[in-house]
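Have the sequence and the model ready before starting. The questions below go through the structure one part at a time.

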Amino acid sequence: MAARPTTTQETVDLLVVGAGLRGLRHAATAQRGGTSSVLLVDRAPRVGGSVRTQRSEGFVCELGPPSLPREEFEALARCLRNPPRTVELAETARTGSVLRNGQREPACVEEPLVTCRGGLEDLLVAFHRELGPALRLGREVTALEPTEDGVVVRLGGESPDLVRAHRLVLATPLEESARLLAPADARLGAALLALRWTPVARVHLGWWTSELGAVPPGYGIAVEDEGVEGVREVQWCSNQFPGRSIAGRFLARIDVVGTPASGDDDEVERVARAFLAARADIHRQPVFRRVYRTSEKGPDGATAELAVRVGEAASRWTGVAWAT
């Protein structure tokens, strides 16, 4: 007969659930502020949440946000003893275009955007180094149980753990926070079912600049016409932060959304290339392709209602906060 896994227990002053940028900021701020014991857990094996930099064949692909507003980056950097150096958006990439009513119109990038030399992954590496033993990755929170002086958290795995936390910060996505707080509000389950998700295929295509000929200028193309050609946005990545890519390569990121994003990789590439041919006069076969799949919940009434209910549910338990 197989032995039952042993459940271990520990007590911490602060437990942060979710190692995305919000969770990293909460944990690092508490640790630097002198909180006696901090623990940051995430079911993923890496920190960063949707932030992910992938380097391949000399191209730097940001699978999540390609950059951050300077104010947000600086707020994160202040949590670190040794933050990475920033790279500013190139002056030549502060203009782009908007596709509106079938016509391209000039537009400006007004918000100051920054990244790191090696991509936003550099920021995650700095947080991982800073938090060190406070990180517990690859462990999913399976249940929360409120107590008089905090909350008990159950971590799944081959050897389950119970963590008693005097304070708990939920820095997980809205839907995950709702699942964990469901015992505090029976209405959360129904509100979760009302969410509507949109598939997104993030297509990265790369060329040798010598073969591409004329390189498109500026930041990219934002599409305001809903449903037009299945493309929401095109970014000329190599123009934005030239120092983080190898010279002689040009990379474009095309966000395909909705029904066209549900096809296989070849199909979404065809959608992306058709848009580039029609709107940017790029007909050349790319030498590089990466497709990253994700989904997004719409900014609609169901999402807004769920956010309100999650905030209310968190406030009913002592020591629990939801990081919006």
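Q: At about what angle does helix α8 run to β14?
A: This is a predicted model, in which local features need pLDDT of at least 70, side-chain atom pairs count only at pLDDT 80 or more, and totals for chains, interfaces and linings use all residues. Helix α8 (residues 265–280) lies across β7 (95–100), β8, β14 (197–208), β15, β16, β17 (249–257) and β18; helices (H or I, at least four residues) and strands (E, at least two) are DSSP runs, numbered from the N terminus. Axes are lines fitted to C-alpha atoms, for helices over the stretch in contact, and angles run from 0 to 180 degrees between N-to-C directions. Between α8 and β14 the angle is about 65°.

Q: What is the order of the open sheet of seven strands?
A: Two strands pair if DSSP finds at least two bridges between them. The pairing in this open sheet is mixed. Its seven strands follow the order β8-β7-β15-β16-β17-β14-β18.

Q: Which are the edge strands?
A: An edge strand here pairs on one side only. That holds for two strands, β8 (103–108) and β18 (288–297).

Q: By how many degrees are neighbouring strands of this sheet turned against each other on average?
A: The direction of the strands is ignored for this value. On average, each neighbour is turned against the next by 20°.

Q: In what sense do β15 and β16 pair?
A: Strands of a sheet pair through backbone hydrogen bonds, either parallel or antiparallel. Strand β7 and strand β15 are joined by three bridges and run parallel. Between β15 (residues 220–223) and β16 (residues 231–236) there are also three bridges, but there the sense is antiparallel.

Q: Which residue in β16 stands opposite isoleucine 221?
A: Isoleucine 221 belongs to β15 and has serine 97 opposite it. Another bridge links alanine 222 to glutamate 233 in β16. The residue of β16 that stands opposite isoleucine 221 is valine 234.

Q: Why does alanine 201 count as buried?
A: Alanine 201 is found in strand β14 and touches, among others, Ile254, Val268 and Val291, contact meaning heavy atoms within 4.5 Å. Buried means under 20% relative accessible area, exposed over 50% and partly exposed in between (1.4 Å probe, protein chains only). Alanine 201 counts as buried because its relative accessibility is 0%.

Q: What is the relative accessibility of threonine 303?
A: Threonine 303 is found in helix α9 (residues 301–315). Leaving out residues up to four places away in sequence, it touches Leu174, Leu195, Lys297 and Gly298. Threonine 303 counts as buried because its relative accessibility is 14%.

Q: How many residues of helix α4 are buried?
A: Residues are numbered from 1 along each chain as its sequence is written, and side-chain values use heavy atoms, with hydrogens and water left out. Helix α4 covers residues 174–181 and is mostly covered. Its buried residues are Leu174, Glu176, Ser177, Ala178, Leu180 and Leu181.

Q: Which element gives the most to the lining of the largest pocket?
A: A pocket is found on a 1 Å grid over the protein atoms alone as an open set of points with protein on both sides within 12 Å along at least five of seven lines, whereas in a cavity a 1.4 Å probe fits but cannot get out; lining residues have an atom within 4 Å of a point. About 1,400 Å³ of space lies in the largest pocket, where the volume is the space filled by probe spheres set on grid points joined across faces, edges and corners. Of its 44 lining residues, those closest to the centre are Gly48, Gly49, Ser50, Val51 and Pro173. With five residues, the element that gives the most is β18.

Q: What volume does the largest cavity have?
A: The structure holds one cavity of 30 Å³ or more. The volume is about 60 Å³.

Q: Is asparagine 101 buried or exposed?
A: Asparagine 101 lies in the loop between β7 and β8. Its phi is positive, about 55°, although it is not a glycine; most residues other than glycine have a negative phi. With a relative accessible area of 69%, asparagine 101 is exposed.
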